[in-house]
Amino acid sequence: MKPAQNYIELFKENRALVERGSAGVMNTLRDAALSSLARYGLPHNRLEEYLHTDVSKWFEPDWGMNLARLDMPVDFAQAFKCSVPNLSTQLYFLANDAFASSDRASKAGLPEGVFAGSLKEAAQNRPDLVEKFYGRLADMDKPGIAAINTLFAQDGYILYVPDGVTIEKPLQLITLLSSKVDLMVNRRILVVLGRASQAKLLLCDHALAANNYLTTQVIEVFAGQDSTFELYDLEETHTANLRASELYISQDAGSKVSVDNLTLHNGQTRNTVCVTFDGQGAELSLNGVAITDKSQHVDNMTFVDHRVPDCTSSELFKYVLDESSTGAFAGKVLVREGAQHTSSQQTNRNICLTREARMFTQPQLEIYADDVKCSHGATVGQLDDKALFYMRQRGIPQQEARMMLMLAFVGEVIGKVELEPLRDRLYRLVEKRFRGELTQCEGCRACR
Amino acid sequence: MSMLKIENLEAAINGKQILKGINLEVNAGEVHAIMGPNGSGKSTMSNVLVGHPAYEVTGGTATFKGKNLLEMSAEERSHEGLFMSFQYPVEIPGVSMTNFMRTAINEKRKYQGLPPMAPTEFLKFIKEKRDMVKLDAKFMNRSVNEGFSGGEKKRNEIFQMAMLEPSLSILDETDSGLDIDALRIVADGVNRLKSPETSVIVITHYQRLLDYIKPDIVHVLYQGRIIKTAGPELALELEERGYDWVIKEYEDSLK
């Protein structure tokens, strides 16, 4: 309870500052966030859902926050001077947790009515639009990081796509952690997809300087009826980075959502994904890859709530753990009473490359309907010795053969990425990662 | 010219002695057949020769084209021209045949100090070798051996052999699980790859394969030793009379 108390005090002392640096709509939820934080505290490892990641510990240091919204200039051109063709995206930047306008983030090319940019600005200029959605999915009635994020978040990113509008060009939001001191950032992202609209959003999470960072991230996605949305959340930070992310998705009838969660470089990461089917005939494809070494830690927890009939969810998470890194995956699927003809499939496969690497996996199915098709499977193993030897007999050296097998293993997930140029680039990124050529933050260079 | 010379080779797996002193010399251009009852050490012998890490060589020597074979890694042995067709070819999900072959070929070229093969040349090369074993082009985009039938897997082994152009090929029970048509295609591929500079060791239970791949010399392996060596007529005799008489002859000789 102690770290939470410190943040409550901090907020009370700086409330005016926080609110001045934000917008009315975001400020209206701060009281609720305050009481939630006071009630539940920060999530700790005595809770089953946080068994393998004591997130509350991350909050113990006296983190600095940029509540006064001091300008923290980031030289985007310097960071991303390399531009590889093929994947052309509509580009946006968040410097720490503040939306940073950049020359390259022009509005040109976006269809009429689309709003993409600063959440704070949207909350100021279009409060009607933000109010309807902001904080409606993030669950503060349980221990988590939604409360502390809602308490301190001052800005972030919003993507609003009106009914019937298709954005052909993928949107890319690059978040850069950059400061001269250790920093805690509270990032907020809101995505609203109107009826029968379509969009693709790529999030690239980077740390530029070698400071310690703690990021809380809350993403809320409203997928309207018959909408299509692809979300790629790519983390490439460094070993001193702490990240707690919560992604909430509500899927209306007939919507199709795919989420790819890729952790290529990190310190300690906890990603929580909660998807609810609120309309019939919706489809979810939820996939993840984690590649870890040193003492990195990745914990993905997913919760898919089949509340209505005729929805399909498929999940595939794969981890490759090297050295003394640890991974955790918990996947809960709840099929509620009456959610007939639910089809749900969950797979978690993991490779521990060393004896020191650890993986904890926990599939969890709760089914209260009788006419459903549900399956799950989890494995933890090593690289296939037989395949390795077969390859070596054909003249492929041990190191190269291992690389090919690891790439093939996570390739199953990357192969699901629908954006072809992104898929190619991810293959290349992962290959570089396995070859040890990717130290930090080369991600967007390779993926642009 | 001596291709392979094995002297008093002993090997064990998990502490269990399997090979108890093998002597064998294979010259360039020769085809040797190694036959023997189950559990006699045939597969151990081929695995030891190609450097399988699970087997421990506990004694003896093996010289391949004048070099100490036992000092080389599995991949070096391959680069030097040693090939084994696996009894059970391994499925490698996610690694395409093309990628697998390109990597194998170019690693060998790197070992030989050659630049990687040009893409067009590589594709031409693949097609030529595929035709030899009648392996359809669609297999090249599929994962190595994944979902291949038994016959397709064995044809794929011979295809890889053709691609890698080894000096010495060990065919480990290549006939197992093959119907007569597939057997003919596989044997035909092997025969076409034969030259005065290359040698083949055929490991088999049955005479059947030897009708198609004619051996020059036939050996009988029993309890980790070669107990009889003779001409091709020995294979026919074994087919007819089984192994018991050879074993008895050997045991009598020990008395």
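# Reading burial, packing and contact

User: In which strand of chain A is the place of Thr292(A)?

Analyst: Thr292(A) has its place in strand 13 of chain A, residues 283-292. Keep in mind throughout that this is a predicted model.

User: Why does Thr292(A) count as buried?

Analyst: The general idea is a count of neighbours: 20 or more other C-beta atoms within 10 Å make a residue buried, and 12 or fewer make it exposed. Thr292(A) has 25 C-beta neighbours inside 10 Å, so it counts as buried.

User: Which residues does Thr292(A) touch, not counting those up to four places away in sequence?

Analyst: Thr292(A) touches Val298(A), Leu321(A), Asp322(A), Ser325(A) and Gly327(A).

User: Now helix packing. At what angle do helix 1 and helix 3 of chain A pack?

Analyst: Two packed helices are described by the angle between their axes and the distance between the axes. For helix 1 (residues 2-20) and helix 3 (residues 30-40) of chain A, the angle is about 155 degrees and the axes are 9 Å apart. An angle over 145 degrees counts as roughly antiparallel, and helix 1 and helix 3 of chain A are therefore roughly antiparallel to each other. Their crossing is left-handed.

User: Which residues make the contact of helix 1 with helix 3 of chain A?

Analyst: Helix 1 of chain A brings Ala4(A), Tyr7(A), Ile8(A) and Phe11(A), and helix 3 of chain A brings Leu34(A), Leu37(A) and Ala38(A). By class, this contact has seven nonpolar residues, with no polar and no charged ones.

User: In chain B, how do the axes of helix 5 and helix 6 cross?

Analyst: The axes of helix 5 and helix 6 of chain B cross at roughly 5 degrees and come within 10 Å. That angle makes the two helices of chain B roughly parallel. From helix 5 of chain B the contact takes Gly151(B), Lys154(B), Arg155(B), Ile158(B), Met161(B) and Ala162(B). From helix 6 of chain B come Ala182(B), Ile185(B), Val186(B), Gly189(B), Val190(B) and Leu193(B). The contact of helix 5 with helix 6 of chain B divides by class into eight nonpolar, two polar and two charged residues.

User: Is helix 5 of chain B mostly covered or mostly uncovered?

Analyst: Helix 5 of chain B is mostly covered, with twelve of its 15 residues buried. Among them are Lys153(B), Asn156(B), Phe159(B), Met163(B) and Leu164(B). The buried residues pack against strand 6 (82-85), helix 3 (97-111), helix 4 (119-133), strand 9 (168-172) and helix 6 (180-193) of chain B. As to length, helix 5 of chain B, residues 150-164, reaches 21 Å from its first C-alpha to its last, close to the 21 Å expected.

User: Which residue with positive phi follows helix 5 of chain B?

Analyst: Most residues other than glycine have a negative phi. Glu165(B), which follows helix 5 of chain B, has a positive phi near 45 degrees.

User: Where in chain B is Asn145(B) found, and what is the phi of Asn145(B)?

Analyst: Asn145(B) is found in the loop between strand 8 (143-144) and helix 5 of chain B. Its phi is positive, near 65 degrees. Asn145(B) is buried, with 23 other C-beta atoms within 10 Å. Lys65(B) also belongs under this topic, with a positive phi near 45 degrees. Lys65(B) sits in the loop between strand 4 (55-64) and strand 5 (67-68) of chain B. With 16 other C-beta atoms within 10 Å, Lys65(B) is partly exposed.

User: Last, the interface. How many residues does the contact take from chain A and from chain B?

Analyst: The contact takes 17 residues from chain A and 20 residues from chain B. On the side of chain A that touches chain B, helix 9 (385-393) and helix 10 (398-414) of chain A each supply at least two residues. Helix 10 of chain A gives the largest share, seven residues. By class, that side of chain A has eight nonpolar, four polar and five charged residues.

Notes: Residues are numbered from 1 along each chain as its sequence is written. Chains are lettered from A and ligands numbered from 1 in the order in which they are written. This is a predicted model: local features need pLDDT of at least 70, side-chain atom pairs count only at pLDDT 80 or more; totals for chains, interfaces and linings use all residues. Two residues are in contact if their C-beta atoms, placed from the backbone, lie within 7 Å. Helices (H or I, at least four residues) and strands (E, at least two) are DSSP runs, numbered from the N terminus. Ala, Val, Leu, Ile, Met, Phe, Trp, Tyr, Cys and Pro count as nonpolar, Asp, Glu, Lys and Arg as charged, and the others, Gly among them, as polar. The expected span of a helix is 1.5 Å times one less than its number of residues. Axes are lines fitted to C-alpha atoms, for helices over the stretch in contact, and angles run from 0 to 180 degrees between N-to-C directions. Angles under 35 degrees count as roughly parallel, over 145 as roughly antiparallel, 65 to 115 as roughly perpendicular and the rest as oblique. A crossing is left-handed if the near helix is turned anticlockwise from the far one by less than a right angle, and right-handed if clockwise.
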